Amino acid sequence: MKKENLSWILRLIISALFIVSAVAKLYPSPYFAISTFEVKQLYPLGFSEGFAPYFSRILIGIEFALGIAILLKDYLKKITIPATILLLAVFTIHLSYTTFVSGNAGNCGCFGELIPMTPVEAIIKNIIAIGLLVWLFKLVPADGKSNFWLLKSVALGCILGLFMVAPIRPVEKVVEEPTSEIQENLGIIVDSTSVLNTEEPKDEIVKDTVKKVEEKKTEDTPKKVKSGYEKYFPGIDTDKKILCYFVPGCDHCMDTAKELNEMRKKDKNFPPIYVIFMNEEPEKVPTFFEFAGTKFPYKMIDVIPFWTELGTGRDTPGVKYLWNGNEFKYYDGINENKFNGAEFKKLIKKPYSELKK
């Protein structure tokens, strides 16, 4: 094979690698994906909450730019290939340190949520890519007449494009008070403009609810503990509850919420469901509940507190099964530990004597 043909094959492979990596970091939505990248990759390195949104967009823009620049002849050998190798080397050092400190667990974020990849897998991928770039460097001839302004325009255009696709917005303080426990147990959602509408007298509803609560108290139950979620939902540490961690624009979160609602409609004793939303794209909350088929009591918290509450190594959607504040099951993400409806239905029916084994 001619050197020229081989060099073009290598350039196409490397270009595709960088462009796919950049696009994947915008999946499933730019705000959610970039925020996830910031929290998992930048904040642990010491980036401030104010600077990280700018740096993340610049970095992803550079990935786009390198994916395009590798196909151009301008300063290919002097700037583009060395810059690409340097970027991969920095990523590899960071991933090696992360693996040493935290182990080979979770998604490294190299391809966002689109293609989950462990740190070790990403390191191997980067080493192979660096090898291909070194090979390409030896194959291509010395740079001829080059247009620096073209290269500069590509870089600036890609970076500005990221800021246009996902402009930095001030954090909106959005809080929704939870629905009362009695309303939630009855499957009734009300707000300030709605009226409780039922054929039974209200006092009969309350009596029936109190009776159910008293019956539950006679069961073998775990000792009540403080879960730490009372600050969001008063009363959540009493009896069986379900706490979810969702992102308004996350398709997997919407599917999980819908599945939980379907399960609740079929089981009158299904535990009440509460939601903690990440404060990203809050305008999508109504659409989220419309898709789910109901409105759950929820609180919306900022990005960093959300990921802190979710837990290190965890991912959305998160679903916790709580009983008197005790955590008996925690589903998260879309891989091995993702929410399992069939398993969960059996789990919430189990008596405490079986759960504590």
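User: At what angle do the axes of α1 and α5 cross?

Analyst: Keep in mind that this is a predicted model. The axes of α1 and α5 cross at roughly 145 degrees. They come within 10 Å. The crossing of α1 past α5 is left-handed.

User: Which residues of α1 and α5 meet?

Analyst: From α1 come Lys3, Leu6, Ser7, Leu10, Arg11, Ile13, Ile14 and Leu17. From α5 come Lys125, Ala129, Leu132, Leu133, Trp135, Leu136 and Leu139. Sorted by class, this contact has eleven nonpolar, one polar and three charged residues.

User: How do α1 and α3 pack?

Analyst: Helix α1 covers residues 3–24, and helix α3 covers residues 52–69. Their axes lie 8 Å apart, at an angle of about 155 degrees. An angle over 145 degrees counts as roughly antiparallel. So α1 and α3 are roughly antiparallel to each other. Here too the handedness can be read: α1 passes α3 in a left-handed crossing.

User: Which residues make the contact of α1 with α3?

Analyst: On α1, they are Ser15, Phe18, Ile19, Ser21, Ala22 and Val23. On α3, they are Ile60, Glu63, Phe64, Leu66 and Gly67. The classes are seven nonpolar, three polar and one charged.

User: Now to empty space. How is it found?

Analyst: A probe the size of a water molecule is rolled over the atoms, which shows where empty space is left.

User: How many cavities of 30 Å³ or more does the structure hold?

Analyst: There are two. Take the second largest cavity, with a volume of about 70 Å³. Its lining is Lys25, Ala33, Thr36, Phe37, Lys40, Gln41, Gly109, Gly112 and Glu113. By class, that lining has two nonpolar, four polar and three charged residues.

User: How much space lies in the largest pocket?

Analyst: The largest pocket holds about 1,100 Å³ of space. Its lining has 42 residues. Nearest its centre are Lys40, Ala105, Gly106, Asn107 and Gly313. Lys40 also lines the second largest cavity.

User: Which elements give two or more residues to the lining of the largest pocket?

Analyst: They are α2 (30–42), α4 (76–102), α5 (119–139) and α11 (303–310). The most comes from α4, with six residues.

User: How do the lining residues of the largest pocket divide by class?

Analyst: They divide into 19 nonpolar, 16 polar and seven charged.

Conventions: Residues numbered from 1 in each chain as written. Predicted model: local features only at pLDDT ≥ 70, side-chain atom pairs only at ≥ 80, totals over all residues. Heavy atoms only, no water. Axes fitted to C-alpha atoms, helices over the stretch in contact; angles between N-to-C directions. Helix = DSSP H or I, 4+ residues; strand = E, 2+ residues; numbered from the N terminus. Parallel < 35°, antiparallel > 145°, perpendicular 65-115°, else oblique. Left-handed = near helix turned anticlockwise from the far one by under 90°. Contact = heavy atoms within 4.5 Å. Nonpolar A, V, L, I, M, F, W, Y, C, P; charged D, E, K, R; others polar. 1 Å grid on protein atoms, 1.4 Å probe; cavity = no way out; pocket = protein on both sides within 12 Å on 5 of 7 lines; lining within 4 Å. Points joined across faces, edges and corners; volume = space filled by probe spheres on them.
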